[in-house]
Amino acid sequence: MNGKKGSSIEINIIPASIAEKISKIIFPCKGWFSRVSGFCKEDTSRVVFSLKVGLAVLLVSLLILFPAPYQVFGANAIWSILTVGMMFEYTVGATFNRGFNRAVGSLIAGVLATAIAEIASRSGPVAEPVIIGTSIFFIGTITTFMKLWPSLVPYEYGFRVALFTYCLIIVSGYQMGNPIKTSMDRLYSIAIGAIVAVLVNVLVCPIWAGEQLHNELVSSFNTVADSLEECVRKYLEDDGLSYLKFTKTVSDEPAIKNCRDTLNSATKIETLANSAKWEPPHGRFCHVFYPWSEYVKVSAVLRYCAYEVMALHGVLHSEIQAPYNLRITLQKEIQEAAAQAVELVRALGEDISSMQQSLKGCLLAKVHASTERLQRAIDRHSCFLIPRNETCDSNSPEQQQKLSQISSTNLDEISTHLADLEDSMLEENFDIPSLPLEMPAAVTNEQAYHELMKKQQRRLYSWLSREVDAYEDKGTISVNYKPKMKGLQSTITFASLIIELEARLDHLVEAVDQLSKMAKFKPEGL
């Protein structure tokens with residue numbers, strides 16, 4: 001009400017059907033804007049690159065928008081816009097590579113088109129279209145075949161530009177009657193577009209392929225170290241379950257996702273290295289011939305280490321799992337070996353990041369020492385998995401001396417050594433099995449000796465607190481104990497993969513040392 005008689009306020013309520021339609025339009029747009037915002041925040045250089053392309057296209061469009069340059073170039077100015085759109089790449093090195101291919105392809109195509117057009121024009125009105133058509137066929141065939149040649153694949157864009165430019169120049173020159181002037185005007189327009197693209201890409205917030213390659217390699221080192229550390233932590237942590245939970249889909253875990261991205265980065269690394277070769281010296285990479293190919297080699301060796309980390313994740317999420325009391329059997333050795341490996345990988349990544357050359361002999365020696373301790377622990381605990389008709393390789397010196405003595409005696413002397421062995425075993429509270437009375441004395445003594453030796457070895461080197469015979473039934477493992485044996489095998493497999501990973505770290509150290517020498521990294525402390 002506004003205070004006057006008879007006046008009223010009319011309120012229109014939007015029907016529910018219309019409100020529902022509006023919400024269906026607004027909510028998808030809101031989700032789309034949030035995805036775009038997140039995409040831009042991941043890498044702000046994407047926005048910068050888009051703005052640079054818009055600026056370059058605007059500058060070359062002035063050749064058409066202003067009357068003065070349009071009178072000089074005419075409709076051929078459109079080639080400048082096409083050149084910017086086809087040549088402008090994300091990084092400076094890729095733009096230089098594209099520019100080189102476009103320049104060479106356009107130059108060769110212009111020269112050939114001018115020469116063939118002059119020859120065709122002097123051949124008469126009947127032969128001229130035949131010569132032009134035949135030349136187009138052969139140029140198309142040859143350029144397509146050459147760009148498929150393995151060694152010429154990097155220049156595939158140049159061959160494509162040559163075919164495209166040749167066909168347009170020779171056909172338009174045939175219709176306009178002056179192929180030389182047509183080809184020269186278009187080459188000038190292409191040159192202007194190329195110059196504008198290069199200047200804008202280099203001078204306005206340049207995105208260097210070499211810098212991206214350097215950061216990508218450092219990030220890969222940190223990813224492998226973090227994935228290894230997380231995998232070992234999850235394997236040895238006590239989550240209150242007797243067995244680790246088996247999951248068929250583990251792709252959502254950050255460690256596996258990041259490690260998989262490192263494994264799939266081979267193409268990206270090679271592309272960045274090829275683009276970085278075209279860039280001039282800049283920033284920290286001030287050498288004329290910087291060894292970008294060494295980055296590819298280091299990345300390849302690092303991926304071999306990442307394969308081992310993925311194998312560890314496979315054991316972690318395999319269907320056959322060891323209970324917690326078996327997983328911690330090698331806990332100390334596994335943690336020590338993994339910690340040394342993680343420290344070495346991160347140190348190598350820091351050296352590349354800071355471009356410093358440091359000695360890794362101390363860290364590498366610690367890695368080797370922890371690997372040896374883990375290997376000895378595996379040898380001790382894997383004796384339980386050896387069949388009864390085999391013996392453990394890790395015999396003590398006293399046992400090896402007794403075996404050498406027995407091997408040089410005859411059956412009559414076995415009883416003497418058997419008695420000595422029985423006395424020593426009784427002192428250690430070992431039980432002596434009873435043998436059938438009807439067997440011959442010599443055979444009985446020999447079999448008893450071998451039986452006692454096997455039991456002594458297996459008791460001495462068994463990690464179990466219970467007697468080994470409790471799990472044996474006439475030479476075979478009890479059925480109820482087979483899952484535990486599989487769990488032990490899983491634990492030993494996990495530890496063996498760590499040893500294999502640390503063996504590959506030697507090659508990684510060598511590759512990083514080679515990179516630091518060729519790139520002339522500063523010595524540590526300077």
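Glu216 is partly exposed, with 21% relative accessible area. This value belongs to a predicted model, as do the other values discussed here. A residue counts as buried only under 20% relative accessible area, so Glu216, at 21%, is placed in the partly exposed class. The partner of Glu216 is Lys268, with which Glu216 forms a salt bridge whose closest N and O atoms are 3.3 Å apart. Because Lys268 belongs to helix α11 and Glu216 to helix α9 (residues 209-236), this pair ties together parts that lie 52 residues apart in sequence. Lys268 is likewise partly exposed, at a relative accessible area of 44%.

Side chains of opposite charge can pair when their charged atoms come close. Across the whole structure, a search finds 14 salt bridges. One of them joins Asp261 and Lys257, with 3.6 Å between the closest N and O atoms. Asp261 is partly exposed at 40% relative accessibility, and Lys257 is partly exposed at 42%. Another salt bridge links the side chains of Glu89 and Arg98, at 3.6 Å from N to O. Glu89 has a relative accessibility of 24% and therefore counts as partly exposed; Arg98, with 25%, is also partly exposed. Elsewhere, Lys147, Glu156 and Arg160 are linked in a network of salt bridges.

Helix α11, which contributes Lys268 to the bridge with α9, also packs against another helix. Helix α11 (residues 266-276) and helix α12 (residues 292-316) meet at an angle of about 170°, and their axes are 9 Å apart. This angle makes α11 roughly antiparallel to α12. On the α11 side, the contact is made by Ala266, Ile269, Glu270, Ala273 and Ala276, while α12 supplies Trp292, Tyr295, Val296, Ser299 and Arg303. Sorted by class, the contact of α11 with α12 holds seven nonpolar residues, one polar residue and two charged residues.

Ser299 deserves a separate look. This residue of helix α12 has a relative accessibility of 3% and so counts as buried. Apart from its neighbours within four places in sequence, Ser299 is in contact with Leu217 and Ile269. Ile269 is one of the residues that α11 brings to the contact with α12.

A further buried position is found in another helix. Ala109 lies in helix α5 (residues 92-121), and its relative accessibility of 2% makes it buried. Which residues does Ala109 contact, leaving aside its neighbours within four places in sequence? They are Ala162, Thr165 and Tyr166. The C-alpha atoms of Ala109 and Phe164 are separated by 8.4 Å, although these two residues are 55 residues apart along the chain.

Most residues other than glycine have a negative phi, and most peptide bonds are trans. Lys520 is placed in the loop between α19 (482-518) and β4 (522-523). With a relative accessibility of 59%, Lys520 counts as exposed.

These details can be set within the whole protein. There are 19 helices and four strands. Of the 526 residues in the protein, buried residues make up 39%, and Ser299 and Ala109 are among the buried residues. Considering contacts between residues at least 6 apart in sequence, 80% join residues at least 24 apart. The protein exposes about 29700 Å², and carbon and sulfur atoms supply 61% of that area.

How values were computed: Residues numbered from 1 in each chain as written. Predicted model: local features only at pLDDT ≥ 70, side-chain atom pairs only at ≥ 80, totals over all residues. Heavy atoms only, no water. Axes fitted to C-alpha atoms, helices over the stretch in contact; angles between N-to-C directions. Helix = DSSP H or I, 4+ residues; strand = E, 2+ residues; numbered from the N terminus. Parallel < 35°, antiparallel > 145°, perpendicular 65-115°, else oblique. Contact = heavy atoms within 4.5 Å. Nonpolar A, V, L, I, M, F, W, Y, C, P; charged D, E, K, R; others polar. Buried < 20%, exposed > 50% of the residue type's maximum accessible area, 1.4 Å probe, protein only. Salt bridge = Lys/Arg side-chain N within 4 Å of Asp/Glu carboxyl O. Areas by Shrake-Rupley, 256 points an atom, 1.4 Å probe, with all protein chains shown as cover.
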